[in-house]
Structure formats: C-alpha cells, structure tokens
Amino acid sequence: MRRTRSLARAWRAIGRGRMLARRALVLAACVWLSVGAAGVHAAPADALRDQFVALSDALRNSPFQRPLHLVSIETDDTLKGEIHAVLEHGFGSVRAALVEPANWCDILILHINVKHCMLEPGGQLAVRLGKKSAQPVDEAYPMLFSHRVDSARPDDLEIRLEAPEGPMSTRDYRIRLRAIPIDRGRTFIHLVYSTQVGLAGRIAMTTFLNTVASGKVGFTVVGRDGDGRPEYIGGARGMIERNTLRYYLAIEAYLDALSAPPTSRMERSLAAWFDATERHARQLHEMDRADYLEMKRAEYWRQRRLGWKPRS
C-alpha cells in the first residue's frame with residue numbers, strides 16, 4: 001500500500017513538473033515573440049536614423065538653404081520623389097497633428113493644384129485636383145485617398161495616403177511619411193510622393209509637359225551652361241520634384257501655423273506656404289501672392305460651406 005502511494009506521489013510530482021515546464025515554454029515563447037515583434041517594428045525607425053547620419057553632410061550643405069535633401073526616380077511605369085528633411089518641431093507635436101486624417105485637408109489644400117478636400121466616413125479624404133487658378137469643384141478631378149497610420153509609437157511615425165486613380169490616366173498615387181525624433185525639438189522625416197504611369201498616362205503626360213508645362217524644371221542639377229549656371233532636370237522628373245517639394249512645404253507650413261490661435265491658422269499657413277515656394281521661384285512660381293491668397297481663401301471657405309469643419 002505504501003509503495004502504491006509512493007508511486008502515486010511520484011507520478012503527481014512528474015505531472016506538476018511537466019505542467020510547470022509547459023508554462024515556462026509558453027512564457028519563453030511569448031517573450032521571444034514580443035521581442036521579435038518589437039524588433040520588426042523598430043527596424044524601419046533604426047534605418048531612418050541611419051539615413052539621418054548618412055545624409056548629415058547633404059543636409060548641412062543643402063542647396064535649399066535648409067536641412068532638406070530631394071531626389072527623384074523615373075522608370076517605365078513609376079514616378080517618385082523623395083525628401084529627407086529636418087522639421088523644427090518636436091516629434092510629439094508632429095505625431096499628434098499628422099495621425100488625424102482631418103488635419104490633412106488643412107495640409108493638402110495649401111497645394112496650388114488642390115481645389116477641395118473633404119473628410120469622408122472611415123477617414124478617407126475626398127480630394128479634387130485641378131488648375132492653378134480658380135475652378136468650380138465639379139470641374140476638378142476627383143481622387144479618394146485612404147489615410148492609414150502604420151505606426152504611431154513614441155519614437156516612430158508612419159502614415160500612408162493612397163489613391164487608386166489620378167488625373168492623366170495615372171494610378172496608385174501614394175504619399176508616405178515616416179518620422180522619428182532626433183532631439184527634443186526637432187523631427188527627421190522621409191516623405192515619398194509617387195504614382196504609376198501606364199502607356200495612356202505617359203502619352204497624356206508628355207502632351208502636358210510639351211504644352212502647358214513647357215519650360216518647367218525641377219531641382220536636380222544635370223549640367224552647367226556656358227556661364228557656369230546650373231541646368232535643371234525637366235520633363236516628368238522635374239514635375240514630380242516640384243510636387244514633392246510642394247507637399248513637403250505644405251506639411252511644414254501647417255505645423256508652423258499650429259502656434260497661432262485656431263481662427264488664424266489657415267491664413268498663416270497659406271502665407272507661409274506661398275512665401276516658402278517663392279524661395280524657389282524658378283521651379284515653383286505660378287501666380288502673384290495676392291492672387292494665390294484670394295483663390296485659396298475662397299477654396300477654404302467653400303469647403304466649410306460644403307460641410308467640412310476645421311479641427312481646433
């Protein structure tokens with residue numbers, strides 16, 4: 001009898017040992033998975049920090065007279081502009097502002113070609129692209145951008161705006177922004193603006209570049225003239241570079257205006273955006289300051305009449 005009881009106690013001890021071992025294995029697996037997941041999320045932020053270090057000389061000696069580096073890429077079916085830049089704003093305020101989809105209407109409307117922006121249910125942005133002049137909403141090209149926050153951690157922000165179709169038979173419009181803090185009052189960002197261009201889009205774009213946009217240039221220096229002055233990239237790459245910088249300047253102007261009272265933020269951001277573009281008048285000048293402000297004020301109030309309300 002005593003032997004039977006001893007065997008029973010032994011088996012129970014073995015069972016408890018197995019149960020504890022299983023719990024230990026489960027706990028170890030959970031820890032491993034959480035660490036692995038953190039590593040996956042941290043990797044892009046670490047890569048952006050490495051880019052900040054690698055671009056330190058380019059940012060310090062930027063021809064834009066600010067810490068900003070711009071490049072463009074053109075392939076058979078893709079146009080892409082990329083900006084790395086330092087914002088003079090703390091990461092917390094940048095993250096808080098840009099994770100809200102409604103705030104992107106305040107940003108996008110600064111761009112000279114954006115005629116309207118409305119926040120739709122589900123956080124989508126109904127945008128209208130049009131002329132560099134006053135234009136009725138229903139005559140501008142409609143685009144529907146999704147707004148997705150891929151990361152909003154204390155040290156990493158990633159936001160994507162994507163639209164399936166665009167003007168001139170283009171498609172897959174993407175605005176992607178990634179940001180990290182670099183010190184208490186500054187933020188390093190990587191902004192990508194891209195679109196896909198098929199055969200029909202390429203034909204339409206070529207016609208546009210050879211007529212309406214004839215003589216327009218971007219920022220990449222491709223040579224020097226006889227007097228040593230820079231010659232800039234033209235064509236589709238010039239176009240994508242101009243628009244990438246316009247969107248960056250819109251983000252910067254919006255963030256700068258947040259220090260003003262809510263009732264005067266739009267006016268301040270409009271003035272800041274125009275003044276920033278005029279520093280690069282060779283590429284970005286389209287109209288006089290008074291004409292731009294008048295046009296954009298009208299578009300802003302039109303948005304409000306149609307139901308859009310600014311966030312305080």
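This is a predicted model: local features need pLDDT of at least 70, side-chain atom pairs count only at pLDDT 80 or more; totals for chains, interfaces and linings use all residues.
Select α7 and helix α9 (residues 289-305) to begin: their axes come within 10 Å and cross at roughly 140°. Axes here are lines fitted to C-alpha atoms, for helices over the stretch in contact, with angles from 0 to 180 degrees between N-to-C directions. Helices (H or I, at least four residues) and strands (E, at least two) are DSSP runs numbered from the N terminus.

Residues are numbered from 1 along each chain as its sequence is written, and side-chain values use heavy atoms, with hydrogens and water left out.

Stay with this pair and look at its handedness: the crossing of α7 and α9 is right-handed. A crossing is right-handed if the near helix is turned clockwise from the far one by less than a right angle, and left-handed if anticlockwise. Now display the side chains. On α7 the contact is made by M266, E267, L270, A271, W273, F274 and D275, and on α9 by R289, Y292, L293, K296, R297 and Y300; contact means heavy atoms within 4.5 Å. By class, this contact has eight nonpolar, no polar and five charged residues. In this scheme Ala, Val, Leu, Ile, Met, Phe, Trp, Tyr, Cys and Pro count as nonpolar, Asp, Glu, Lys and Arg as charged, and the others, Gly among them, as polar.

R246, L249, A250, A253, Y254 and A257 in α6 meet R265, R268, S269, A272, W273, A276 and T277 in α7. The residues of this contact divide into eight nonpolar, two polar and three charged.

The crossing of α4 and α6 is right-handed. N103, W104, D106, I107 and L108 of α4 make the contact with Y247, A250, I251 and Y254 of α6. Seven of these residues are nonpolar, one is polar and one is charged.

On a 1 Å grid over the protein atoms alone, a cavity is a set of points where a 1.4 Å probe fits but cannot get out, and a pocket is an open set with protein on both sides within 12 Å along at least five of seven lines; lining residues have an atom within 4 Å of a point. Grid points are joined across faces, edges and corners, and a volume is the space filled by probe spheres set on the points.

Select N113, G130, K132, M168 and F208 to find the largest pocket, which holds about 610 Å³ of space; of the 27 residues lining it, these are the closest to its centre. β7 (170-183), β8 (186-197), α5 (199-210) and α6 (235-257) each supply at least two lining residues, and α6 gives the most, with six. The lining has 13 nonpolar, seven polar and seven charged residues.

The structure also holds two cavities of 30 Å³ or more. For the largest, of about 40 Å³, select I112, W273, F274, T277, E278, L284, H285, E286 and M287, which line it. Helix α7 (residues 265-278) gives the most to this lining, with four residues.

Finish at the second largest cavity, of about 30 Å³. L108, V114, V127, L129, F145, I175 and Y247 line this cavity, and its lining has seven nonpolar, no polar and no charged residues.
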